[in-house]
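Open the model in a viewer and keep the selection tool at hand.

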Amino acid sequence: MDSLPTTEETVSILVNRLEQYLKTSSPNETDISDVIKSLADIARTEEGRLICSNLSIICDLVIPLLTKLDNHTVVIQSCRLLGNLSFQNDSFKSILPNENLCYVILQLLDKVSTIESKTESILPVLIGFITNAADNNDALCEYMIKHDIINKLFKISIPDPDCKIIPSLLSLLYTVIEIEVGRKWFQSQTYELIVVVQTAEVFIDNKEVVETCL
C-alpha cells in the first residue's frame, strides 16, 4: 500500500495546483478557494507554517487575491492562510512585501466599505491576519500608519459600539502602539478615534494582544 504524502509533499502539490489554476484564462474560483482553504488548515500547525514559510511564491500567488471581492470566499480563505502563516512566525513575516501588502489592503477596504453585506464575514479574518502579520513587524506597522489603515478599519468596522469585532480591532491597535512610532501616531489622532477606543475598551477585559490561528 502506498504511503500517504508528507506535509511537505502535500503543500508542494497544493501550491502547484493553485499556480496552475491561476494561470488558466477562466479560473474556477471554487477550486481556488478549496486549495487555499487546505493550505490555511495546514498552516494552523507549526510544522505547516514552517514548510510554507520556505515558499515565497505563496505571497506572490495569494496576496493579489485579497482584491477579488467578487468572490468573498476566496478573500476569506486567503486572509486565513496569510494570517495563519504569520502567527508567531517571524520567518514568514520577513518575506511579506509590507508596502505592497498595504496597498492591497487599501484596495480591499475600499471595496468592503461599499458592500455592507460582505463586511461582517471578511473583516474579522482580515483583521486577524493583519494583527498576526503586524506583531513584531515594525515595518508593516509603520506602513499601516503611513497609509492610515487603522483609522480606515475603525471607520468601516464600528458603526455602533456593539460591533462584534471590537476586541480584534483593539488587539491590532495595541500591536501597533507597542512601537514608538505607533505610540506617537496614536497620541496625534483625532479626539473621535480616541473616544471610540476608550468606549470600546469596556467591552473587553483583556487588553493584551490576542494572536490566534484562523
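A nonpolar core is a set of buried Ala, Val, Leu, Ile, Met, Phe, Trp, Tyr and Cys residues joined through side-chain atoms within 4.5 Å. The model in view is predicted.

**The core**

Select L81, F129, M144, L153 and L172: these have the most contacts inside the largest nonpolar core, which numbers 65 residues. Next colour helix α8, residues 116-134, which supplies the largest share of this core with nine residues.

**L172 and helix α11**

Move to L172, located in helix α11, residues 166-176. Is L172 buried or exposed? Its relative accessible area is 1%, under the 20% cut-off, so L172 is buried.

Show what surrounds L172. Beyond its neighbours within four places in sequence, L172 touches I127, I130, T131, A134, M144, I150 and L153.

Now select the whole of α11. Nine of its eleven residues are buried, so α11 is largely enclosed by the rest of the structure. The buried residues are I166, L169, L170, S171, L172, L173, Y174, T175 and V176.

**M144**

Centre on M144 next. Leaving out its neighbours within four places in sequence, M144 is in contact with L172 and V176, and also with C102, I130, A134, I149 and I150.

**T67, in a loop**

Go to the loop between α4 (57-62) and α5 (72-86) and pick T67. Why does T67 count as buried? Its relative accessibility is 14%, and the limit for buried is under 20%, so T67 falls within that class. Apart from neighbours within four places in sequence, the residues in contact with T67 are V104, Q107 and K111.

**Helices α1 and α3**

Finish with α1 (residues 7-23) and α3 (residues 46-53), displayed together. Their axes come within 10 Å and cross at roughly 50 degrees. That angle makes α1 oblique to α3. The crossing of α1 and α3 is right-handed.

To see the contact itself, show side chains for T7, E8 and V11 on α1, and for E47, G48, I51 and C52 on α3. Sorted by class, this contact of α1 with α3 has three nonpolar, two polar and two charged residues.

Technical notes. Residues are numbered from 1 along each chain as its sequence is written. This is a predicted model: local features need pLDDT of at least 70, side-chain atom pairs count only at pLDDT 80 or more; totals for chains, interfaces and linings use all residues. Side-chain values use heavy atoms; hydrogens and water are left out. Axes are lines fitted to C-alpha atoms, for helices over the stretch in contact, and angles run from 0 to 180 degrees between N-to-C directions. Helices (H or I, at least four residues) and strands (E, at least two) are DSSP runs, numbered from the N terminus. Angles under 35 degrees count as roughly parallel, over 145 as roughly antiparallel, 65 to 115 as roughly perpendicular and the rest as oblique. A crossing is left-handed if the near helix is turned anticlockwise from the far one by less than a right angle, and right-handed if clockwise. Contact means heavy atoms within 4.5 Å. Ala, Val, Leu, Ile, Met, Phe, Trp, Tyr, Cys and Pro count as nonpolar, Asp, Glu, Lys and Arg as charged, and the others, Gly among them, as polar. Buried means under 20% relative accessible area, exposed over 50%, partly exposed in between (1.4 Å probe, protein chains only).
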